[in-house]
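This report describes one protein model.

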Amino acid sequence: METVSRELTRDERAGIRRLAMGMCANYDPEYGCLPLECSCYMLGKCWTGAYCRYFQNAVLPLNFALEAKLTDSAGTASQKSCPVCGTAYIPVTNQAYCSEACRMKGKREADRRRQRRHRQNNGDKVSRS
């Protein structure tokens with residue numbers, strides 16, 4: 001099954017650029033792509049389709065959300081979005097949040113909502129001793 005080529009969005013191009021310049025072992029700011037001895041192919045990418053093989057296999061998996069947008073692989077189907085920060089992540093077992101900090105923030109918000117409902121149901125009856 002062949003996918004239809006489309007133009008990359010501004011965010012996708014920025015994500016590719018950020019990954020290529022920051023995480024690609026073949027990229028050098030002074031020389032560009034070291035194996036090709038020219039400017040990096042991925043920095044000028046405007047359309048989906050052919051990607052640098054090293055970039056696709058080693059660098060792109062570092063950003064799950066971008067990988068899901070650019071490729072139609074079955075591995076990205078198990079991704080979840082964090083309800084607190086919206087970051088895409090691959091859950092471990094029944095993991096609901098992407099990190100411990102988001103889990104604590106989500107728990108705090110849930111506790112706040114539960115207390116608010118409790119106060120509304122009791123009509124703000126507070127016993128003062």
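Which residues does Glu67 touch, not counting residues up to four places away in sequence? Glu67 touches Leu60 and Pro61, where contact means heavy atoms within 4.5 Å.

## Basis of the model

The model is predicted, so local features need pLDDT of at least 70 and side-chain atom pairs count only at pLDDT 80 or more, whereas totals for chains, interfaces and linings use all residues. Residues are numbered from 1 along each chain as its sequence is written, and side-chain values use heavy atoms, with hydrogens and water left out.

## Overall layout

The protein has four helices and four strands. Both kinds of element are DSSP runs numbered from the N terminus: helices are H or I with at least four residues, and strands are E with at least two. Their order from the N terminus is α-β-β-α-α-β-β-α.

Of the 129 residues in the protein, 22% are buried. Buried means under 20% relative accessible area, exposed means over 50%, and partly exposed lies in between (1.4 Å probe, protein chains only). Among contacts between residues at least 6 apart in sequence, 36% join residues at least 24 apart.

## Helix H1

Helix H1 covers residues 10–23, 14 residues in total. From its first C-alpha to its last it reaches 19 Å, close to the 20 Å expected at 1.5 Å a residue; the expected span is 1.5 Å times one less than the number of residues. The buried residues in H1 are Glu12, Gly15, Ile16, Leu19 and Ala20. Because they cover an arc of only 125° around the axis, they are on the same side of H1. The arc is that of the directions from the helix axis to the C-beta atoms.

The buried residues of H1 pack against strand S1 (27–28), helix H2 (53–59) and H3. On the face turned away from the buried side, H1 carries the exposed residues Arg10, Asp11, Arg18 and Gly22.

Leu66 is in helix H3 and is buried, with a relative accessible area of 6%. Leaving aside neighbours within four places in sequence, Leu66 is in contact with Glu12, Gly15, Ile16, Leu19 and Leu60. Leu66 and Ile16 are 50 residues apart along the chain, and their C-alpha atoms are separated by 8.1 Å. Glu67 also belongs to H3 (residues 64–70) and is buried, at 17% relative accessible area.

Leu34 is found in the loop between strand S2 (32–33) and H2. Leu34 is partly exposed, with a relative accessible area of 42%. Not counting residues up to four places away in sequence, Leu34 touches Ala25, Asn26 and Asp28.

## Helix H4

Helix H4 (residues 100–121) has 22 residues, which should span 32 Å at 1.5 Å a residue; the end C-alpha atoms are 32 Å apart, in agreement. Just after H4, Gly123 takes a positive phi of about 65°.

## The cavity

The structure holds one cavity of 30 Å³ or more. A cavity is a set of points, on a 1 Å grid over the protein atoms alone, where a 1.4 Å probe fits but cannot get out; lining residues have an atom within 4 Å of a point. The largest cavity contains about 50 Å³ of space, a volume being the space filled by probe spheres set on the points, which are joined across faces, edges and corners.

The lining of the largest cavity consists of Ala20, Cys24, Asn26, Tyr27, Cys33, Cys40, Met42, Cys52 and Phe55. These residues divide into eight nonpolar, one polar and no charged. Ala, Val, Leu, Ile, Met, Phe, Trp, Tyr, Cys and Pro count as nonpolar, Asp, Glu, Lys and Arg as charged, and the others, Gly among them, as polar.

Terms used. On a 1 Å grid over the protein atoms alone, a cavity is a set of points where a 1.4 Å probe fits but cannot get out, and a pocket is an open set with protein on both sides within 12 Å along at least five of seven lines; lining residues have an atom within 4 Å of a point.
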